[in-house]
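Thanks for making the time this morning; I would like to walk you through one model, starting with its backbone and then turning to its metal site and its aromatic rings. Please have a look at it first.

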Amino acid sequence: MLVKQVEMVMAPREPHYVGDGFRVHNFIPSAYGLTMQRMDPFIMLDYGAKFYFPPSPSKAKGVGVHPHRGFETVTVAYKGSVAHHDSSGGGGVIDEGDVQWMTAASGVLHKEYHSEAFSKTGGDFQMVQLWVNLPAKDKMSTPKYQAISNAQIPKIAVPNNGGVIEVIAGDYQGNKGVASTFSPVYLMNAKLNTGGEATFNLPADYNTALIVIEGNVMVNGTEEVPLDHFALFTNVGETFTIKASEKSVVLILSGAPIKEPIASHGPFVMNTRQEIMQAFEDYELGKFGELED
Ligand code: MN
C-alpha cells in the first residue's frame, strides 16, 4: 500500500457566530479551496474550537428554528453540551463524547441550544458540525435521527497503551462503527496518549482529512499538525500514521465522493436549481413540519 500524504495543513480562520451559541471556524466549504466538490461528500464543516461561555441561566444560547433538506448534519461534542429538537420528533442532549447524526433528507425544522445544565454553569464549549451530502436517490427520503452516546461507540485499543480509536462511522481494522450512513463514510476520533501511534487504511480516492481537537500530532512521521489545525490528504495512497506528540484527540473524516451535481443555497443542498426553488416553496408552505421556537 502507498502512503497517503498530507496535501496541506490549514490554520483555523477567523471565527464567526452561528446564532449566539456556536462560535465556529469554517473549513468546508469556504477555506483554502475546501469546496463541496473537493471534499465530496462533506459539504460543510464548522469547527468550534474550545471557547469559554459564561453562565447564561435565563436564556440558553444557540440557534433557533431553521430548516434543512438534502443532507445529514452530524454534531460531535467534545466540551459542553447541546440540546436539540427537530420537527420529526428527534431530539435530546448531546454531552461530551456523544454524537448526533441527523438525516434531514426530505426536510426537517430544527433548533440547537446549549443544554439547560450547561447554560446554568457555563464552561468550555467545543464541537464539530459536519454536513454529509446524500446521494440524489436518498435526498427526499424520510428524516431520521441517530442519537449516539459515547458508551455506544466502539473503542479500539491502539498498541502499546497508545490510546483508543472511537469508530463513529465506517470501520477500523474490521470493527464497525455505530452510525448508519447512505454512502461510504468514515468518521473516527483518535484519542491518543503521548507517544501513541495509530495507523489508518482508507481508500485512495476517498476525500480524507483530519482536525486536531486537542494536543499536537505528527502525521506520517514528517508533518506536524498543531492544535485546531485541519490537514487535508491527497487522493493517492491508502495508509497513514498519526503519532501524538502529547495527549491528543484527532477527528478523522473520509468519504467516497458521490460525484453528482451540487446545487446549494443556505440550509438546502440539492442537485439542481429547480430542486432548491422547490425546497423554498415547500418550506413556505409548511411542508417541513412544525416546531416551536
Ligand atoms: Mn442546523
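This is a predicted model: local features need pLDDT of at least 70, side-chain atom pairs count only at pLDDT 80 or more; totals for chains, interfaces and linings use all residues.

Let me begin with asparagine 220, which is found in the loop between strand S20 (217-219) and strand S21 (223-225), where helices (H or I, at least four residues) and strands (E, at least two) are DSSP runs, numbered from the N terminus. Residues are numbered from 1 along each chain as its sequence is written, and side-chain values use heavy atoms, with hydrogens and water left out.

Phi of asparagine 220 is near 55 degrees, a positive value in a residue other than glycine, and with 18% relative accessibility asparagine 220 counts as buried, a term that means under 20% relative accessible area, with exposed being over 50% and partly exposed in between (1.4 Å probe, protein chains only). Alanine 105, in the loop between strand S9 (99-103) and strand S10 (108-114), also has a positive phi, of about 45 degrees, and is buried at 0% relative accessibility. For context, most residues other than glycine have a negative phi, and most peptide bonds are trans.

Which residues coordinate the manganese ion? They are His66, His68 and His110, each through NE2, at 2.1 to 2.2 Å; donors here are N, O and S atoms within 2.8 Å of the metal (3.2 Å for Na, K and Ca), and water is not among the atoms, so sites may look incomplete. Histidine 66 in strand S5 (residues 62-68) and histidine 110 in strand S10 are 44 residues apart, a pair that links distant parts of the chain, and both of these histidines are buried.

Finally, a search of the whole structure finds 14 aromatic pairs, where rings of Phe, Tyr and Trp (its six-membered ring) pair if their centres lie within 6.5 Å, and planes under 30 degrees apart count as stacked, over 60 as edge-to-face and the rest as tilted. Tyrosine 172 and phenylalanine 200 form a tilted pair, 5.3 Å centre to centre with 55 degrees between the planes, and both residues are buried.
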